[in-house]
Amino acid sequence: KRPSITHANFMTPEAIRKMKDLGIVANLQPDWLYLDGATLLKQFGDERLAYFQPYKTIFDNGVHVGGGSDHMQKIGSFRSINQYNPFLGMWTTLVRQPRWTDQILHPEQRITREQAIRLYTIDNAYLMFEEKEKGSLEKGKLADFIVLKQDILTCPVDEVKNIEVEKTYLGGKVIYRSPKS
């Protein structure tokens, strides 16, 4: 069994330690921090948001956490009610900058680029019991991967949210090519 908590946006350090001890995984939507952070600051104040989507504490405690987008009510990865562009989600975990405010929401909870990538790859595969087949490039796994137009590990951090996919491979075969390539 692999119990999962979805929408566990507000956590405490004790709850995160219990999650690790009990083998509970988390399914979070980083875009909520981006979309709702300014409103949450006004409603709850900075102190009460210390553990709103505490990605660094989650990673530091060895809890598996996947990144998602939740609901999508419009077509277009940036037009949807909850944008489903994974690069916006990754950028959000890197900078923790909500829209409509200049205040960074608890920068001590920022994670590394490698950890942000894990949210959308191997950790999501783990949440779905598919870590032996998907989520990383290893011998014996499906050859599902993307080729990016920018290097997510070295580009300026503000470019991460706008990264574009050049090609998509599924089972080792190209299923998408950017019209610009």
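The legends below describe close-up views of a predicted model.

Local features are taken where pLDDT is at least 70 and side-chain atom pairs where pLDDT is 80 or more, while totals for chains, interfaces and linings use all residues. Residues are numbered from 1 along each chain as its sequence is written, and side-chain values use heavy atoms, with hydrogens and water left out.

View A. Helices (H or I, at least four residues) and strands (E, at least two) are DSSP runs numbered from the N terminus. Nine of the ten residues of α4 (residues 86-95) are buried, so the helix is largely enclosed by the rest of the structure. Buried means under 20% relative accessible area, exposed over 50%, and partly exposed in between (1.4 Å probe, protein chains only). Among the buried residues are F87, M90 and W91. The covering elements include α2 (31-44), α3 (55-60) and β5 (165-170). After α4 comes R96, with a positive phi near 55 degrees.

**View B. The crossing of α2 and α4.** The two helix axes come within 7 Å and cross at roughly 65 degrees. Axes are lines fitted to C-alpha atoms, for helices over the stretch in contact, and angles run from 0 to 180 degrees between N-to-C directions. D31, L33 and Y34 of α2 make the contact with L88, G89, W91 and T92 of α4; contact means heavy atoms within 4.5 Å.

**View C. The three-stranded sheet.** This open sheet has the order β1-β2-β3, with parallel pairing. β1 (4-6) and β3 (65-67) are at the edges with a single partner strand each, so one side of each has no neighbour in the sheet. Two strands pair if DSSP finds at least two bridges between them. β2 (residues 25-28) and β3 are joined by three bridges, and L28 has G67 as its bridge partner in β3.

View D. In K56 and D60 the closest N and O atoms of the salt bridge are 2.8 Å apart. A salt bridge is a side-chain nitrogen of Lys or Arg within 4 Å of a carboxyl oxygen of Asp or Glu. Because K56 and D60 are four residues apart in helix α3, about one helical turn separates them. K56 is partly exposed at 33% relative accessibility, and D60 is exposed at 53%.

**View E. The salt bridge of D123 and R118.** The closest N and O atoms of this pair lie 3.3 Å apart. D123 is buried, with a relative accessible area of 2%, whereas R118 is partly exposed at 35%.
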